[in-house]
Amino acid sequence: MIQWKSNYTGSTEQKVSGSNPTTLYNRTDKNHALTTESERHAEELSNPDLKVKETDNEDSSNYVPIDGDRDSQVSTTLQVKGYSLSNVENDVPKVLVVDDHAASRMTAVALLGMEGYEVIEADNGSAAVHLVGEKQPDLILLDVMMPEMDGFEVCQMLKQDEQTRLIPVIFITALNDRRSRIRGIEVGADDFLSKPFDRVELAARVKSLVRQKRLNEDLDHAEKALFSIARAIESRDPNTGDHCERLVNLGKAFGEYLGLSRNQIRDLMWGGYLHDIGKVGIPDSVLLKKGKLSAGEWEVMRQHVLIGERICQPLRSMQGVIPIIRSHHERWDGSGYPDGLKQEQIPFLAQVFQIIDIYDALTSERPYKKAFTPTEALSIMTEETNKGWRNPKLMQQFTEFISTINHSYL
């Protein structure tokens, strides 16, 4: 494996593993075709006799850095003045280049290295998968045609893994290879580049996808924070056991039985974790009270659905879960809360979730009751449906579904 590192003054350092891992090659020619903006500014700043430099008929003394150029200029200035960049360079994006042809790999490595990226190399698919787990790159530049494990297999494997699905993958294809591009889209590729590389295009695409990855990671972290809060809430009440986990499994199974879309099933599963997240705002004196709640306490308890809605509202990815959080205590006849919705006014996923939530509560042991058998639980739920509390058609479908499943799986 070869790893390249580039500093901001245009000196590129190649570390080669093998018989002499300390061998260094320094590239310092300022007239090199791959000279970057950072190098040009470094030249200006390091020349005390240079006051104004004309570049492409523009006065560089009026240069205003934009986007990443501002960071590059700051880094260059610090280097020229002799300051350490250990803190500045901690967040340098890592790019994994995967290609079984050494020449193609070296071209990509040189281009990316001169743009300031930390570049890692792999010459086959298996090595690439290993390095992704070890190095956690911010982007992968992936050749399509490789022996044993080709680029399609690598991409599909990474996109199906929860730990690596957010890493952007750019496929390297021939200019007119339409078939490979279509196959790449099917396995989850984020972009395509053709050989030979155009430096400006490569830099722009990599920069854009790295930025998008970090935005997605921020969103992913926010979602995980909500799930952690939900777990903490569940742990406040030791009587519920693994209620959330069971709801996730039951929601997935019942959603598939109903033929719901992938996004609807995901929302049902997330609802399993987040439906009661609003209980974080309910006082322990009410939430953990043993015995019957007073009218005032019951009114406080009902607020948990509104609190939960407000917690999740800012996240766009939660928009399908919010109706479940707010409306899973509504009833078919309009006697539920918080809005007194009737029949089809109740969001469909909230109706589905309510049924699996009630079923799990009935079939689980609690301090105030024994665990009912599936038959007993369905009998109780059917009685409530006859009172007008549940959607009759959905209740019938759920009854049929329960007869088909293996409860040990749930």
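Gln343 sits in the loop between α13 and α14. Helices (H or I, at least four residues) and strands (E, at least two) are DSSP runs, numbered from the N terminus. The phi of Gln343 is near 45 degrees, a positive value in a residue other than glycine. Gln343 is partly exposed, with a relative accessible area of 43%. Here buried means under 20% relative accessible area, exposed means over 50%, and partly exposed lies in between (1.4 Å probe, protein chains only).

**The model and its confidence**

This is a predicted model, in which local features need pLDDT of at least 70, side-chain atom pairs count only at pLDDT 80 or more, and totals for chains, interfaces and linings use all residues. Residues are numbered from 1 along each chain as its sequence is written, and side-chain values use heavy atoms, with hydrogens and water left out.

The pLDDT is the predictor's confidence in each residue, from 0 to 100. The chain averages a pLDDT of 75. At least 70 is the score of 71% of the residues. Which elements of the chain have the lowest and the highest mean pLDDT? Strand β3 (residues 24-27) has the lowest, 35. Helix α16 (residues 392-402) has the highest, 95. Over residues 1-89 the pLDDT is below 50. Beyond near neighbours in sequence, this stretch has 121 contacts in the model. A contact means heavy atoms within 4.5 Å.

**The chain as a whole**

The chain has 16 helices and ten strands. Of its 410 residues, 43% are buried. Take the contacts with a separation of 6 or more: residues 24 or more positions apart account for 60% of them.

**The cores**

A nonpolar core is a set of buried Ala, Val, Leu, Ile, Met, Phe, Trp, Tyr and Cys residues joined through side-chain atoms within 4.5 Å. The largest one has 24 residues. Phe254, Leu268, Ile356, Tyr359, Met381, Phe398 and Phe401 touch the most other members. Which helices each supply at least two residues of this core? They are α8 (243-258), α9 (262-274), α14 (348-363), α15 (374-386) and α16. The largest share, eight residues, comes from α14.

Phe401 touches Leu250, Ala253, Phe254 and Tyr257, not counting residues up to four places away in sequence. A second, separate core has 22 residues, including Val132, Cys155, Ile167 and Ala189.

Ile356 belongs to helix α14. Is Ile356 buried or exposed? Ile356 is buried, with a relative accessible area of 0%. Leaving out residues up to four places away in sequence, Ile356 touches Leu247, Leu250, Gly251, Phe254 and Phe398. Ile356 and Arg246 are 110 residues apart in sequence. In space, their C-alpha atoms are 9.4 Å apart.

Asp357 also has its place in helix α14. Asp357 is buried, with a relative accessible area of 13%. Asp357 touches His243, Leu247, His275 and His328, again not counting residues up to four places away in sequence.

**The cavity**

Rolling a probe the size of a water molecule over the atoms shows where empty space is left. On a 1 Å grid over the protein atoms alone, a cavity is a set of points where a 1.4 Å probe fits but cannot get out; lining residues have an atom within 4 Å of a point. Grid points are joined across faces, edges and corners, and a volume is the space filled by probe spheres set on the points.

A search of the whole structure finds one cavity of 30 Å³ or more. The largest cavity has a volume of about 60 Å³. Glu330, Trp332, Ile346, Gln351, Gln354, Ile355, Trp389, Arg390 and Asn391 line the largest cavity. Its lining divides into four nonpolar, three polar and two charged residues. Ala, Val, Leu, Ile, Met, Phe, Trp, Tyr, Cys and Pro count as nonpolar, Asp, Glu, Lys and Arg as charged, and the others, Gly among them, as polar.

**Backbone exceptions**

Most residues other than glycine have a negative phi, and most peptide bonds are trans.

| Cis peptide bond | Omega | Loop holding the proline |
|---|---|---|
| Lys195 to Pro196 | about -5 degrees | Pro196: between β10 (191-194) and α7 (199-236) |
| Tyr337 to Pro338 | near 15 degrees | Pro338: between α13 (322-327) and α14 |

Glu148 has a phi near 65 degrees, a positive value in a residue other than glycine. Its place is in the loop between β8 (139-143) and α5 (151-160). At 80% relative accessibility, Glu148 counts as exposed.

Terms used:
1 Å grid on protein atoms, 1.4 Å probe; cavity = no way out; pocket = protein on both sides within 12 Å on 5 of 7 lines; lining within 4 Å.
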